[in-house]
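Please read it with the coordinates open.

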Amino acid sequence: MDNVRGLGRMLEEMAKKQKKKQAILFDNREVSYRELDENANKIANGLKSLGINKGDRVAMMLPNIPDFIYAFFGIQKLGAVAVPFNTMYKGREIIHILNDCEARAIITMTNFANLINEIREDVPSLEHVILTGQRTMVFVSPDSTVNVQMVVSKDQFESGDAAFRVVGEIVIETLKAFGVDAWYKHRGGVRCGGKKIATILVSEVENLLVINCLTFLGPLRTEDFFRVVWVSPEIKDKVMEPMTSVEEETGTRPSVGEFKERLLAALQSQMGISAEEGQLKRDELFGYEKTRALADKK
Amino acid sequence: MSEKWRLIFNPDGDAADMVAYASALVEGRIAGKYMLSTEKLPNTIVVQGVKQKGILAGADVDINKDTAARYNIKVANYPRSGRGGPKPVGTVNLSDLLKTSSRKFNAVETDPDAPAVLLYTSGTTGRPKGVTLTHRNFAQQCLNVSKVLPLNESDTIVLVLPLFHVYGLSNGLISGVYFGTKMTLVPQYSPAKLLEAVEATKATVLIAVPTMYMHVLQAAKTRKTSIPKSLRLCVSGGAPLPLTTLREFEEAFQTRIAEGYGLTETTSSVCLNKSGEAFKPGSIGPAAEGVEMRVVDDDDNEVADGQEGEIVIRSGVVTPGYWNNPEATAESIRDGWLHTGDLGYRDSDGFFFITDRKKDLIIRGGFNISPREIEELLFSHPKVRDAAVIAVQDKREREAVKAFVVLEDGETATEREILDYCSENLAEYKVPKIVEFRDSLPKSATGKILRKELREGYHDDRLLEKAGADTKEQQHG
């Protein structure tokens, strides 16, 4: 077999030949061979701009969505090596694969951002985490959850990592006040034994950090939620990773008010910050109403 | 002097508040930065409870609003974030990357023997190994397919198998592009969704695994509307397809199913048993053009037709080896022949039959599971002294994992405790279905666990009895 074409070239030639003919049919949408080729080119250029070169390994943890195909052929066009792996894999399995192939980047679903964040320190080669899709989900319940949000200047913390760590410490101290012995798993998970009791997500926008922390005060019954959202098994499996709550650990469920008091004490002792109760200002109220209207739509 | 933040306490909010407060605070601060407002807004902490169950969902999440209303669940959506919206710290948005990058790029020249893809697969020796597949491997696979099962530009192929698995990637996606077909993407498999996709896109080619054919057939039978008849060709692989299912499916969909056999190490299929042509029940077919297949004894000598041995393969589709693992490569590929670990024989017509597995591998739904990997995880549990893992059959006659556990002296543990530990660390399909506690495990004189003695009435999922294909068929029917 002479003249073996690389996989990137294979797509390129087919796109020249097929042009506007449909390549991908997905969710009532159609993507032509030319569009497929151009999207692969954009990924190749994008990866190149992140410093990914020929021969580098790029991991992919994606279901069968068009982005899988764009990413796969983008990697091929760059002459890099695609490492697609099972979306059902858990932290320990993912660490093994990423380290074994020394992946420099991973392309995955936004849902898995927390999972990848948690293991990032265990994978020294991993420089870039590239996220796609808006499929994140948060379940809240009066019997179970309390959510803490912080909107602060970026300069409040040395780095994103530091924000995760400090907030983790605050949550641990708060839980300790209720008699729960929790520990911080880097970037995102607060656990009790092997079970998750709180999740932290740190996002950035312009010069601000938006920190979300959901803590379980009582057991979260998820059956009702899964009647309402259809979730693929691998994502459900991760949403459903073993969880616990203050009530399950201590026999008592604190109120949201009690939680707030302990949290403010921890904020004071960990960061030397006191918080005074206030309300949204006029400009903020406008934004609040606007977002609520958008959130309720659809 | 201690720093002061503003606290907003909202104990009786709802799911929409969670996105609305964050967004209001962000917008207020950014507006302040651009001097639209003179007021300097402080760092803020919001503590929120909810008075009603709720889901806060990304724009792409599929939600049934009617069911939500019935169960009194408040649904709130994150507004679709444009470029520059909040993103998890230290990450890149793929959509940003797409928007800012040029759509022109010429594929770089690649060495045909350079790796294109690494696919991690479990063997018997613990953690998954990376199978290196080169551009040449894929080109050869496409060439082989063009000889035995050519597709063409007017075909529409259904991509329902996961693309991270060799079967869906090589025989689905890459074949699809090689032949210039349309490709129907099914991101989330359910029999109804697959059936809908076939119908909506008038698909002509389906590649799937046996359980999918069984389920889709069931779903089609109970449907009131007509069964789509557009499929001209189907391929089944990963496990044997019961003959009754094959026949019924062909009849109902007016199509043909070819059964394939292949490994990650061979860039997917290496032989095909084509129904309607020279078809032999229970066989994996003859070797495809471009593939040499033999049956050998323990000393790598070829055995006579009809005699059982290990199936070995030589072809341009065979991997050059495992990533960073010369030992495993040397053990698996000897004199250019890939040793599959599958035992079988060849009949006088050149058709191959699989009879057993040489290695202690468990295969569930086409995914390899290494008993060793699960045993090693169990060893790492502080209460576990010894452990062994074997394959058993579940209710649907698929292979499932069973663990035997010996606890440290004086320790007690529940099955749940062991299973939770596995769930935390392993993909769900690898998590044991049963845990049996034992005082000790059967071992050989050299200390090797005798897995065979742990098996009771166990038989191989891929095993089609030499003469017993009909018996198996009745079990399924």
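1. I begin with the pairing of β24(B) and β25(B), which run parallel and are joined by four bridges; strands here are DSSP runs (E) of at least two residues and helices runs (H or I) of at least four, numbered from the N terminus, and two strands count as paired if DSSP finds at least two bridges between them. Within this pairing, Val405(B) has Phe437(B) of β25(B) as its bridge partner.

2. The model is predicted, and for that reason local features need pLDDT of at least 70 and side-chain atom pairs count only at pLDDT 80 or more, while totals for chains, interfaces and linings use all residues. Residues are numbered from 1 along each chain as its sequence is written, and chains are lettered from A and ligands numbered from 1 in the order in which they are written.

3. The two strands belong to an open sheet of three strands in chain B, with the order β23-β24-β25 and mixed pairing. Its edge strands, each pairing on one side only, are β23 (384-393) and β25 of chain B, and the twist from one strand to the next averages 25 degrees. Helix α10(B) packs on this sheet by touching β23 and β24 of chain B, with a direction at about 150 degrees to that of β23(B); axes are lines fitted to C-alpha atoms, for helices over the stretch in contact, and angles run from 0 to 180 degrees between N-to-C directions.

4. In helix α11 (residues 415-425) of chain B, Ile418(B), Tyr421(B) and Cys422(B) are buried, that is, 20 or more other C-beta atoms, placed from the backbone, lie within 10 Å of their own. They cover an arc of only 95 degrees around the axis, which puts them on the same side of α11(B), the arc being that of the directions from the helix axis to the C-beta atoms. These buried residues pack against α10 (371-379), β24 (399-407) and β25 (434-437) of chain B.

5. At the interface, 126 residues of chain B are in contact with 130 residues of chain A, a contact being two residues whose C-beta atoms, placed from the backbone, lie within 7 Å. Helix α1 (residues 15-33) of chain B gives the largest share of chain B's side, 17 residues.

6. On confidence, chain B averages a pLDDT (the predictor's confidence in each residue, from 0 to 100) of 87, and 90% of the residues score at least 70. I would read residues 458-477 of chain B with this in view: pLDDT stays under 50 there. For the complex, the predictor gives an ipTM of 0.87 and a pTM of 0.85.

How values were computed
Buried ≥ 20, exposed ≤ 12 C-beta atoms within 10 Å, placed from the backbone.
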